[in-house]
Amino acid sequence: MFEKYDIIVVGAGHAGCEAAAAAANLGSRVLLVTMNMGTIAQMSCNPAMGGVAKGQIVREIDAIGGYSGIISDKTTLQFRMLNSSKGPAMWSPRAQIDRIRFAEEWRLMLESIPNVDFWQDSVVGLITKGDKVIGVRTSLGIEIKSRSVILTNGTFLNGIIHIGEKKFGGGRTAEKASTGITEQLIDLGFESGRMKTGTPPRVDGRSLDYSKMEEQWGDERGGRFSYTNVEIPKDQRCCWITYTNSEVHETLKEGFERSPMFTGRIKGLGPRYCPSIEDKINRFAERDRHQIFVEPEGWNTVEIYVNGFSTSLPEDVQYRALTKIPGFEKVKMFRPGYAIEYDFFPPTQLTLTLETKKIQNLFFAGQINGTTGYEEAACQGLIAGINAHQKINDKKELILKRAESYIGVLIDDLVSKGTEEPYRMFTSRAEHRLLLRQDNADIRLSAIGHELGLISNERLEKVNEKIKNADEIINYTKSKSISPESVNDFLEEAGTPVISQSVKMFQLITRPQISFENIRRADKTFDELLNKFDQETIEQAEIKVKYESYFEKELEIVGKMKRMEDQIINTEFNYLNLGSLSKEAREKLMKVKPRTLGQASRISGVSPSDISVLMVHLNK
């Protein structure tokens, strides 16, 4: 019935979709196995993509040749650039998404890739031969052979859903849990743990009074994730903001004695930075209100996502508390919020390619690695799909460095440090975030995607053209002088010192108060030059002018770190024989088996003196 596949991807969430697409586009014959063909790329929680640091990840996925950005752009309800009042390292694109259309577009995209086959079934085990995986076994008793397997099981591994005092098996509401895989992996020597996440109730938008809420519109100019010319919707939908109050909090407290979180029935650790509403009012008792974002789930549905109200309290308590929120007095609830516990595998058991150390050709991606969020899952799927293809074809693996991408930061953090709570990406996790901006992801990564074969010649040419055009603008500002009479009026108006003699445009633009827009109004030739280029190129040039000295300092730091990052360590090296290392360092290094001295330096418990010892030994 089944021929032998190159790669089997287990699970069709965000990680699984990116993994299957990448491997198939590189030439592998891929089988995507999912428990439900109707929920491919389901947005189980928030109907949105991007956000702080997450938006940068979506742009990086697109720059390498993944599809999350393209699908998001096609199905956007509203686009906003977060943190636009701060420096460009903090700018983060975010889009409200039509949840139904997002899943539909992903399925259509996958079905258009000839190398992707589908099978609706539950995988209950792996087929191994020695220390290699050679296929999977399904609940129908079918054995399907392959050269590699990628597990992207999401929250389904022994998933348990909690609503108040009720609990039942499930990987998502109305979908059964996956069993068998965890138990087999433990038998094979893997370490596992439990995590939890949650989701808020969904409500009927027709029952809400929006006049009591604050409108929240998207950016007037709109925006996109993808560097392609994919068509984006011309219109946007409004979101709203409302707030909880003391009455809401008191109502929620009435259910605390039936809360699975407070009674200890939930054992898994939840996401620190996305707490449930009961956790928020318990931990931040001094606050008399919390923000609630009222977000539509699509163009053609009345279903509303109550962002900020994630909860596992009894459904009657959820409902009564909702009715106390301004605008929700007559709310009708579609389905209650819930918490879900699931198995994960500490990611220190992986290499930087996301292949497991114990079983060759077996890769993990997404929440199985202890992460939370669609974007974090999608980028792992992309990297796992690429590396599974590269491994079985004896090609060079793809390992992104911390200084070149947020994806590299995420994977290095997971593999080197591990995680004991659901890992979420933030700009603060990236020590070189000034270089890892959302505006230059194509410049940083498209050449890598092109070398792999995921980015076309045309796309790479477009990137090179952007670099050349931005440089043309920058060089003009460095060569062209501007006179006092041309600019002093708006300099004074902007609250920045006037000039007494002609200066280069570049010098003026480096001032925080002055923009390209100011200068183009003062210099007709500069205005004519900018009119030749698109907004993205102009923005790139302006950022480089304003922050050039900062970029140079950052690149110096990266250069100094490069020696450690390039110092390769044999993964078979026995640290136990190096007595001058501390005991903790020997244990941690044996567990992680770092590829480079740089990675070793980021392992928790490995001190600078341990690194010095290693450096001396490696230099010998």
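Select Arg-194 and look across to Asp-343 in β19: the two stand opposite each other. This is a predicted model, in which local features need pLDDT of at least 70 and side-chain atom pairs count only at pLDDT 80 or more, while totals for chains, interfaces and linings use all residues. Residues are numbered from 1 along each chain as its sequence is written, and side-chain values use heavy atoms, with hydrogens and water left out.

**Stop 1**

Show β12 together with β19 (residues 338-344). They pair in the antiparallel sense over seven bridges. Two strands pair if DSSP finds at least two bridges between them. Helices (H or I, at least four residues) and strands (E, at least two) are DSSP runs, numbered from the N terminus.

Now widen the selection. The open sheet has four strands in the order β11-β10-β19-β12, with antiparallel pairing. Its edge strands are β11 (166-169) and β12 (193-199), each pairing on one side only. Neighbouring strands here are turned by 25° against each other on average, direction ignored. Axes are lines fitted to C-alpha atoms, for helices over the stretch in contact, and angles run from 0 to 180 degrees between N-to-C directions.

**Stop 2: β4 and β5**

Go to strand β4 (residues 76-82). Five of its seven residues are buried. Buried means under 20% relative accessible area, exposed over 50%, and partly exposed in between (1.4 Å probe, protein chains only). Six bridges join β4 to strand β5 (residues 92-97), and the two run antiparallel. Pick Gln-78: its bridge partner in β5 is Gln-96.

**Stop 3: salt bridges**

The structure holds 50 salt bridges. A salt bridge is a side-chain nitrogen of Lys or Arg within 4 Å of a carboxyl oxygen of Asp or Glu.

Select Lys-54 and Glu-376. Their closest N and O atoms are 2.9 Å apart. The pair links distant parts of the chain, with Lys-54 in helix α2 (residues 54-64) and Glu-376 in helix α9 (residues 374-392), 322 residues apart. Buried or exposed? Lys-54 counts as buried, at 8% relative accessibility. Glu-376 counts as buried too, at 0%.

Next, select Arg-99 and Glu-297. This salt bridge has its closest N and O atoms 2.5 Å apart. Arg-99 sits in helix α4 (residues 99-111), and Glu-297 in the loop between β16 (291-296) and β17 (303-307), 198 residues apart. Arg-99 is buried at 12% relative accessibility, and Glu-297 is buried at 1%.

Then select Arg-402 and Asp-413. Their side chains meet in a salt bridge of 2.8 Å, N to O. Arg-402 lies in the loop between α9 and α10 (406-417), and Asp-413 in helix α10, 11 residues apart. Arg-402 is buried, at 8% relative accessibility. Asp-413 is buried as well, with a relative accessible area of 5%.

**Stop 4: where α9 meets α10**

Display both helices. Their axes come within 10 Å and cross at roughly 85°. α9 and α10 are therefore roughly perpendicular to each other. The cut-offs are these: angles under 35 degrees count as roughly parallel, over 145 as roughly antiparallel, 65 to 115 as roughly perpendicular and the rest as oblique.

Which residues make the contact? Contact means heavy atoms within 4.5 Å. By class, there are six nonpolar, one polar and one charged residues. Ala, Val, Leu, Ile, Met, Phe, Trp, Tyr, Cys and Pro count as nonpolar, Asp, Glu, Lys and Arg as charged, and the others, Gly among them, as polar.

**Stop 5: Met-261**

Find Met-261 in the loop between α6 (246-253) and α7 (277-283). Leaving aside neighbours within four places in sequence, Met-261 is in contact with Lys-196, Ile-266, Ser-276, Glu-278 and Asp-279.

**Stop 6: two positive phi values**

Most residues other than glycine have a negative phi. Select Ala-41, where phi is near 55°. Ala-41 lies in the loop between β2 (30-34) and β3 (48-50), and is buried at 0% relative accessibility.

Finish at Lys-593, with a positive phi of about 50°. Look in the loop between α18 (583-592) and α19 (597-601). Lys-593 counts as partly exposed, at 33% relative accessibility.
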